[in-house]
Amino acid sequence: MIRTGNTAIVMIKKLILILLKLILGIVFYLSLHLGVAYVLSRIAVEGEPDTPKEISIYILTNGTHTDIVLPVSTDQIDWSQQIKYEHTVSTDTTYSYIGIGWGDRTFYMNTPEWSDLKVSVALKAALGLSPSAMHTTYHKELKTGPHCKEIQISKEQYGRLIEYITDRFEQDAKGNFIPIATTANYGNNDAFYEANGSLSIYNTCNTWVNGALKEAGQRACVWTLFDTGIFLKYEE
């Protein structure tokens, strides 16, 4: 009995040691990951110089998630032909701007507030185990400030940006964006659409917007997980 008891104690100690090593390994990995993310988000990729300022676009953050906001209609594209007003609760056609973001579908639809966040949802999003979605929001006006920055780009750059954004939407056989039937809307002027790709701890909603800025030849981060690095590039 004594030997059995000693063996059990030794096994428990080994399990505790393994658990501590695992926890320390996770903490080290996350600390390293966040440290690299911080450094790379502070290094700027400069925009294309001396290009015409023909179209105003915007980056807009809620403090965590960044959208890229575009004029609803220009001579290059009318977004309302795909992101239809009737897909919103209000069906209001008087909006002038459309905000577009890419994110984890489960996170988008099950976490309207941070207090609603579940560990299972966060883990799936971090590991890229759940599908993504496009979240679109119509705006009547935008007020620039710490959370909203105006960026002026050329028509040629906007053409590249249109292609970058369009490619992220999943499309049916006719090339139409596919709306997601849901009651998980954030308000009366937004809608969800099927999307391509999946998020992970390496590829977040903000990473996607940072990529959009690069594609459009604008200032961006080398790489970022968070919105902060993006907005630091547009401080006056």
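Which residues does I165 touch, not counting residues up to four places away in sequence?

1. Overview. This is a predicted model. The protein chain has six helices and eight strands, and from the N terminus on its elements run α-β-β-β-β-α-α-β-β-α-β-α-β-α. Of its 236 residues, 39% count as buried. The chain exposes about 13300 Å², and carbon and sulfur atoms supply 59% of that area. Among contacts between residues at least 6 apart in sequence, 76% join residues at least 24 apart.

2. I165 and the largest core. I165 touches I68, L70, W79, I100 and W208, with residues up to four places away in sequence left out of the list. I165 is also among the residues with the most contacts inside the largest nonpolar core, together with L70, W79, I100, Y158 and L161. That core has 39 residues. Helix α4, residues 155-168, gives the most to this core, with five residues. As background, nonpolar side chains in soluble globular proteins tend to be buried together.

3. Helix α5. This helix spans residues 205-215 and is mostly covered, with nine of its eleven residues buried. The buried ones are C205, N206, T207, W208, V209, N210, G211, A212 and L213. W208 is also one of the residues that I165 touches. Just after α5, G217 takes a positive phi of about 70°.

4. Salt bridges between separate parts of the chain. The structure holds five salt bridges. In one of them K140 pairs with D92, and the closest N and O atoms are 3.1 Å apart. K140 sits in the loop between β5 (132-139) and β6 (148-153), while D92 sits in the loop between β3 (66-71) and β4 (97-104). The pair therefore links distant parts of the chain, 48 residues apart, and K140 counts as partly exposed because its relative accessibility is 46%. Another salt bridge joins R105 to E194, with the closest N and O atoms 2.9 Å apart. R105 lies in helix α2 (residues 105-110) and E194 in strand β7 (residues 190-194), so this pair ties together parts that are 89 residues apart in sequence. R105 is partly exposed, with a relative accessible area of 24%.

5. E156 forms a salt bridge with R160, the closest N and O atoms lying 2.7 Å apart. The two residues are separated by about one helical turn, because they are four residues apart in helix α4. Salt bridges that share partners join E48, E156 and R160 into one network.

6. Aromatic pairs. The structure holds eight aromatic pairs. The rings of Y85 and Y138 have centres 4.6 Å apart and planes at 25°, so the pair is stacked. Y85 is in the loop between β3 and β4 and Y138 is in strand β5, 53 residues apart, and the pair links distant parts of the chain. Y85 counts as buried at 12% relative accessibility, and Y138 counts as buried at 1%. Ring pairs link Y85, Y95 and Y138 into a cluster.

7. An edge-to-face pair. F177 and Y193 form an aromatic pair that is edge-to-face, at 6.5 Å centre to centre and 75° between the planes. F177 lies in the loop between α4 and β7 and Y193 in strand β7, so the pair ties together parts that are 16 residues apart in sequence. F177 is buried, with a relative accessible area of 5%. Y193 also counts as buried, at 0% relative accessibility.

8. A nonpolar surface patch. Y38, V39, I43 and V222 make a nonpolar surface patch of about 350 Å². V222 is placed in the loop between β8 (220-221) and α6 (227-232). At 34% relative accessibility, V222 counts as partly exposed.

Key
Residues are numbered from 1 along each chain as its sequence is written. This is a predicted model: local features need pLDDT of at least 70, side-chain atom pairs count only at pLDDT 80 or more; totals for chains, interfaces and linings use all residues. Side-chain values use heavy atoms; hydrogens and water are left out. Buried means under 20% relative accessible area, exposed over 50%, partly exposed in between (1.4 Å probe, protein chains only). A nonpolar core is a set of buried Ala, Val, Leu, Ile, Met, Phe, Trp, Tyr and Cys residues joined through side-chain atoms within 4.5 Å. Contact means heavy atoms within 4.5 Å. Patches are made of residues with over 30% relative accessible area and no salt bridge: like charges are joined within 9 Å, nonpolar side chains (Val, Leu, Ile, Met, Phe, Trp, Tyr) within 5 Å. Accessible areas come from the Shrake-Rupley method with a 1.4 Å probe; for residues, only the protein chains shown count as cover. A salt bridge is a side-chain nitrogen of Lys or Arg within 4 Å of a carboxyl oxygen of Asp or Glu. Rings of Phe, Tyr and Trp (its six-membered ring) pair if their centres lie within 6.5 Å; planes under 30 degrees apart count as stacked, over 60 as edge-to-face and the rest as tilted.
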